Amino acid sequence: MELWFTEKQTEDFGITMKIKETYVSEKTDFQDLAMVKTEEFGNMLLLDGMVMTTEKDEFVYHEMVAHPVLYTHPNPEQVLVVGGGDGGVIREVLKHPQVKKAVLVDIDGKVIEYSKKYLPSIAGGLEDPRVEVLVNDGFMHIHDHKNTYDVIMVDSTEPVGPAANLFTRGFYQGIYEALKEDGIFVAQTDNPWFKADLIQSVNKDVKEVFPIVRVYTANIPTYPSGLWTFTMGSKKYDPLEVDESAIPEIDTKYYTPRLHKAAFVLPKFVEDLIK
Ligand code: SAM
């Protein structure tokens, strides 16, 4: 008998994957958490029935959250990741020698616990001496840490449940205040096929707070529509003014110095969303 997992990405459309084994399926204090083994994409973390990360395609998302912003800031020493309990963004952050301290704040300790156990290739960096792991609401953390960070990365779930307030203007204002005077942030901002309204509202809110706002994309096959967006807000440095010849070739499988600026070239229907 075959077992398949289907994520309904809209009421009328979804993706489905054949499941080899279910390791965990439990309700945490914040969300439904499942960890399964898939035939096609290896181990996969699900939260509230949504694909969070898979062993096979995780590198795209985690590299594209971390490297564009960390190669735009000239000296990213103090870094914050909001969410990101699977550890993938932190693993990429640690490839930057200038980073002195990387703080991860995830509201759900169970995500961290099970990611360490079932996603070792993703979560391995969480034990690094430069990393501080906190179990807390990211919204609270940024309000308690003003003028602290050079770079903030928001690797949260969709704007439902515990992440509902991580896509609000108040949150972006809090991010602005938690950043140092030349700080820069990036957030995952979903897909333009099914979440165009979200991309538009986030872009409008971030533009009201930050002087420089840029959107870029990447291809993530297990995420809704496969076309993913990221929104960057910066107080001083523009990712499009980076000298890509000064960006080193590091151990990546998706991000490259050549892709740094190319990722910001948007399809017309996405450009039109954020005009
Ligand atoms: N890459 C995924 C995506 O784009 O949907 C996100 C992966 S990561 C596992 C998402 C994390 O955000 C989860 O571990 C969840 O617990 C965390 N999260 C949700 N709301 C949060 C909040 N208010 N503060 C901190 N972490 C939060």
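Trainee: Where is the place of Gly138?

Mentor: Gly138 sits in helix α5, which covers residues 138-143. Keep in mind that this is a predicted model.

Trainee: Is Gly138 buried or exposed?

Mentor: Gly138 has a relative accessible area of 6%, so the residue counts as buried, the cut-off being under 20%.

Trainee: What does Gly138 touch, not counting residues up to four places away in sequence?

Mentor: Val82, Val105 and Phe171.

Trainee: Which residues does UniProt place under "binding site"?

Mentor: The unreviewed UniProt entry gives Gln31, Asp106, Asp137, Gly138 and Pro162. From that set, Gln31, Asp106, Asp137, Gly138 and Pro162 are part of the lining of the largest cavity.

Trainee: Where is Gln31 found?

Mentor: In the loop between β2 (13-27) and β3 (32-38). Gln31 is buried, with a relative accessible area of 6%.

Trainee: And what is Gln31 in contact with, leaving aside neighbours within four places in sequence?

Mentor: Glu26, Leu47, Asp48, Asp108, Val111, Thr157 and Pro162. Pro162 is also among the positions in the UniProt "binding site" feature.

Trainee: Changing topic. What volume does the largest pocket have?

Mentor: About 190 Å³. The elements giving two or more residues to its lining are α7 (196-209), β11 (212-219) and α9 (268-274).

Trainee: Which element gives the largest share of that lining?

Mentor: Strand β11, with three residues.

Trainee: How does the lining of the largest pocket split by class?

Mentor: Six residues are nonpolar, one is polar and three are charged. Lining residues include Lys207, Arg214, Glu271 and Phe264.

Trainee: On to the rings. How many aromatic pairs does the count come to?

Mentor: The count is 14. In one of them, Phe13 and Phe194 have ring centres 5.6 Å apart and planes at 50°, so the pair is tilted.

Trainee: Which parts does the pair of Phe13 and Phe194 tie together?

Mentor: Phe13 is in strand β2 and Phe194 in the loop between β10 (179-188) and α7, so the pair joins parts 181 residues apart in sequence. Phe13 is partly exposed at 44% relative accessible area, and Phe194 is partly exposed at 31%.

Trainee: How are the rings of Trp193 and Phe269 set?

Mentor: Their centres are 5.2 Å apart with planes at 55°, so that pair is tilted. Trp193 lies in the loop between β10 and α7, and Phe269 in helix α9, 76 residues apart. Trp193 is exposed at 56% relative accessibility, whereas Phe269 is partly exposed at 36%.

Trainee: Which residues do ring pairs link into a cluster?

Mentor: Tyr61, Tyr216, Tyr223, Trp228, Phe230 and Phe264. Phe264 also lines the largest pocket.

Notes. Residues are numbered from 1 along each chain as its sequence is written. This is a predicted model: local features need pLDDT of at least 70, side-chain atom pairs count only at pLDDT 80 or more; totals for chains, interfaces and linings use all residues. Side-chain values use heavy atoms; hydrogens and water are left out. UniProt positions are given in the numbering used here, feature names are shortened, and annotations may be inferred rather than shown by experiment. On a 1 Å grid over the protein atoms alone, a cavity is a set of points where a 1.4 Å probe fits but cannot get out, and a pocket is an open set with protein on both sides within 12 Å along at least five of seven lines; lining residues have an atom within 4 Å of a point. Helices (H or I, at least four residues) and strands (E, at least two) are DSSP runs, numbered from the N terminus. Buried means under 20% relative accessible area, exposed over 50%, partly exposed in between (1.4 Å probe, protein chains only). Contact means heavy atoms within 4.5 Å. Grid points are joined across faces, edges and corners, and a volume is the space filled by probe spheres set on the points. Ala, Val, Leu, Ile, Met, Phe, Trp, Tyr, Cys and Pro count as nonpolar, Asp, Glu, Lys and Arg as charged, and the others, Gly among them, as polar. Rings of Phe, Tyr and Trp (its six-membered ring) pair if their centres lie within 6.5 Å; planes under 30 degrees apart count as stacked, over 60 as edge-to-face and the rest as tilted.
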